[in-house]
Amino acid sequence: MEHNQLQSEKSDAPLDVLIMAAGLGTRMKSRKAKVLHEVDGRPLIEHVCRAAQQLNPSRIYVVVGHQAAEVEAAVTACVPSGLVSFVTQEQQKGTGDAVNAAREALANSDSTLLILSGDVPLVRANTLTRLFEQHRESKAAATILSTRLENPSGYGRVIRCAEGGFDKIVEHKDASEEERATKEINSGFYCFDTKKLFRALERVHPQNAQGEYYLTDVAAILRSEGEQVGIYLHPDARELSGINTRAELSEFENLVRRRTIRSLMVESGVTFIDPSNAYISSSAKIGQDCVIHPGVVIEGDTVIGDTCVIRAGTRITNSVLGNDVTIKDHCVIIDSRIDSKASVGPFAHLRMNARVAEQAAVGNFVEMKKSTLGKRSKSMHLTYLGDATIGENTNIGAGTITCNYDGRNKHETVIENNVKIGSDTMLVAPVRVGSGSVTAAGSVVTKDVPPDSLVAGVPAVVKKHLVERKDEQER
């Protein structure tokens, strides 16, 4: 009864996660740490952290070394600060040494420790969950996640005993010819009884060609002590593959892109004119009956509604588009919002929370920064709108500039409803143009304009209520 109770308690042990991310990755031929290279617009380490978080661990430990500060910044950008801790591997002496760097934090923990590599961007939370569940249900001291490769050159081999269970792991450089013929390889992912892991690590010594401390030796040590070591054989080798070279980085980028585009076509009803020439983030959402033309790049957590048309050469990043939006050729839209039935472009640039309201239009070579263009308003040509709020049914003439920067600070421009801004108007902020007003071409507006006024000249002369009186005369 007491033994069964202990086993039950052990099966309910909390889960900790340790991610190894200390290496430089010399085969990348880069000054940047390997886990900081990106796939699908995110660092490799972020993909692994996101998968790990879905298991609801008690804590995530990340082993850092090369460019530790940059790796920590990448992790904290996607993992809540209360969930993550960092440990430093001072010298890179192998995977066993990397795990041993966390000894002080973990050695006395009554947890299950899931160990991951930080350079495996395709690993799924479901796979990690199945590994953890098999480990817990079998009550093993260690469980190794393995897979099979037709060409396993360079990978550590999982050697099984005559009964089919675990015998040992042999690194490729240290393997015999017979062992190298084995196609089952070690993925570098493991579950351990945490206390048993660190006790076994004390017995690991560098007895290999590289003089490194291998974490893989722990499994053999545990087995020699009569502990159970399990193997979870996963059928999808690609999912468990790490990235070691620029060529592999490119291959994984293409794989993720193809999967994303196929899913959008098959499951979401999106048309791609040339699927091989579009680049779509896996986090993006695109609605039914949208049409994506060649050369389009959609990045980050962009959300696009139904029946939108995105034409060639456009880049959209972390932005929201409503329904029936048209984005014409060669636009750049970053951190912005475009409401339903609006149009943008060609050659427009929206950034820093720009907003184009319903049925509004932004045209050729118009830049909007931190500005709002109201319903049914238009800015069609060669214009800069910075720190501006523009009301409804307003027309911004070609060459208009909101002069928002005085050399030290940014200032706001407000243009109210039903305003007509003439071509080449300079609006020197802070300034407000009242509803129904008109500025003549080439005006320089330095003071607030009352409603229904005409503004003309340099410096501008305001003729109050002239627009209103003219309307009365016409009536």
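Angles under 35 degrees count as roughly parallel, those over 145 as roughly antiparallel, those from 65 to 115 as roughly perpendicular, and the rest as oblique. This is a predicted model, in which local features need pLDDT of at least 70 and side-chain atom pairs count only at pLDDT 80 or more, whereas totals for chains, interfaces and linings use all residues. Residues are numbered from 1 along each chain as its sequence is written, and side-chain values use heavy atoms, with hydrogens and water left out.

**View 1. Packing of helix α8 against helix α9.** Helices (DSSP runs of H or I, at least four residues) and strands (runs of E, at least two) are numbered from the N terminus. Helix α8 (residues 194-201) packs on helix α9 (residues 216-224) at an angle of about 100°, and their axes are 9 Å apart; axes are lines fitted to C-alpha atoms, for helices over the stretch in contact, and angles run from 0 to 180 degrees between N-to-C directions. The two helices α8 and α9 are therefore roughly perpendicular to each other. Lys-196, Leu-197, Ala-200 and Leu-201 of α8 make the contact with Val-218, Ile-221 and Leu-222 of α9, where contact means heavy atoms within 4.5 Å. By class, this contact of α8 with α9 has six nonpolar, no polar and one charged residues; Ala, Val, Leu, Ile, Met, Phe, Trp, Tyr, Cys and Pro count as nonpolar, Asp, Glu, Lys and Arg as charged, and the others, Gly among them, as polar.

**View 2. The crossover from strand β4 to strand β5.** Strands β4 (residues 59-64) and β5 (residues 84-88) pair in the parallel sense over five bridges, two strands being paired if DSSP finds at least two bridges between them. Between β4 and β5 the chain passes through helix α3 (residues 68-76), and this β-α-β crossover is right-handed, a term that applies if, with the strands pointing away from the viewer, the path from the first strand over the helix to the second runs clockwise. Val-64 stands opposite Thr-88 in β5.

**View 3. The hairpin of strands β8 and β9.** Strand β8 (residues 157-160) pairs in the antiparallel sense with strand β9 (residues 166-170) over four bridges, and Ile-159 stands opposite Lys-168 in β9. Five residues lie between the strands of this hairpin, in which Gly-164 takes a positive phi near 95°.

View 4. Nine strands form an open sheet with parallel pairing, in the order β14-β17-β20-β23-β26-β28-β30-β33-β36. Strands β14 (285-286) and β36 (431-433) stand at the edges with a single partner strand each, so one side of each is left without a neighbour in the sheet. Strand β33 (residues 413-415) runs parallel to β36 and is joined to it by three bridges, with Val-414 opposite Arg-432 in β36.

View 5. Most residues other than glycine have a negative phi, and most peptide bonds are trans. His-330, in the loop between β21 (326-327) and β22 (332-334), has a positive phi of about 60° although it is not a glycine. A cis peptide bond with omega of about 5° joins Gly-345 to Pro-346, and Pro-346 is found in the loop between β24 (343-344) and β25 (349-351). The peptide bond from Ala-429 to Pro-430 is also cis, with omega near 5°, and Pro-430 has its place in the loop between β35 (426-428) and β36.
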